[in-house]
Amino acid sequence: SDCDRIAARVWRPPESPLKTRKPDAASERRLEEIRREADSKGRIESPGIRPAGSPLPEASADAGYYGLPLFKPPVWTWEVPAYFFVGGAAGAAAVLGVAARIRGADERLVRDARWIAAIGANLSTPLLIADLGRPGRFLNMLRVFKLQSPMSVGAWIVAVFGGASTATVLLRGRLSDAVSLVSALTGLGMATYTGVLLGATAIPVWAAHASRLPIHFCASALGSAVALLELRGHRDPALQRLGLVAATLETLMGIAIESRADPESEPLRHGDSGITIRIGGALSGPIPALLRLVGGKSRKMREVAAVSTLLGSLITRIAWVEAGKASSRL
């Protein structure tokens, strides 16, 4: 049409900032060589071409993208492993409190388990807020609930667990028992969700152990809760059995970690993080297990096993965070 002809005279397409190269015999031969290489080897080993002035990043394991690392290392400080440890022990204690109430155990045991849960819950929130920087960031996490987000689910678990465990020790009678069920349910989440949270990240060592971390953290939390109750003077045989179960699971986890030879697990076997996780694993696994098997009837031996378990559990949390930092630099 006349309009189209006029527009064609007036409008000119903008010039591309990159000069295009017309195919010639040499480029066609090179393209054919690349195709044959791909067909025969299944991959291209020759370097690619980076056009001058193009925005394509130069990536490598050392330089990353534009000089930035491929993985952003965790910036967590001591508050996070402390939160993992305190929150896990508190969550497991809430579960033990309900179990003790159901089986008609000593009232002191029920009360102490509930108080450990409440104190741990009220320490966990400040530790988490200290890492986030200010309370408003934690409150913003509660604005929505995303079931597919471990971070969102974890924030709600912390909030509900804190309220329920506190109400459990403040209320009396059947109302306290009813609220303790909510505390125990969210307490189970407190004991496991941090492992899920680590496994859901892109950090290689955490992602490689995504299915193992929740079980690992849960066993560690159970051992810590049992240890705290035993250090309070409780000698219930069920605590001895649960402590042995937790120590056995921790021992098996250590064996599983040592048996993996994949590159992603290197920080768990070498360097400072490898040494630390072995120390934590020994203190929370084979050492308390042996002490409980050999001297289970001795009060002193059970107390030593309890102290070892607590130290091992805390060191294990620190080791996993440090392993994540080391993994992001590999």
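The model is predicted, with local features needing pLDDT of at least 70 and side-chain atom pairs pLDDT 80 or more, while totals for chains, interfaces and linings use all residues. Residues are numbered from 1 along each chain as its sequence is written, and side-chain values use heavy atoms, without hydrogens and water.

I looked up the pair: H11 spans residues 271-284 and H12 residues 286-295, packed at about 15° with axes 3 Å apart. Helices are DSSP runs of H or I, at least four residues, numbered from the N terminus; axes are lines fitted to C-alpha atoms over the stretch in contact, and angles run from 0 to 180 degrees between N-to-C directions.

I then searched for cavities, meaning sets of points on a 1 Å grid over the protein atoms alone where a 1.4 Å probe fits but cannot get out; lining residues have an atom within 4 Å of a point. I found two cavities of 30 Å³ or more, a volume being the space filled by probe spheres set on the points, which are joined across faces, edges and corners.

The largest cavity holds about 60 Å³. Its lining includes Ala93, Arg114, Ser165 and Ser183, and H3 provides the largest share, four residues.

The second largest cavity holds about 30 Å³. I recorded Ser284, Pro288 and Arg292 among its lining residues. H10 gives the most to this lining, three residues, and H9 (213-231) and H12 each supply at least two.

Methods. On a 1 Å grid over the protein atoms alone, a cavity is a set of points where a 1.4 Å probe fits but cannot get out, and a pocket is an open set with protein on both sides within 12 Å along at least five of seven lines; lining residues have an atom within 4 Å of a point.
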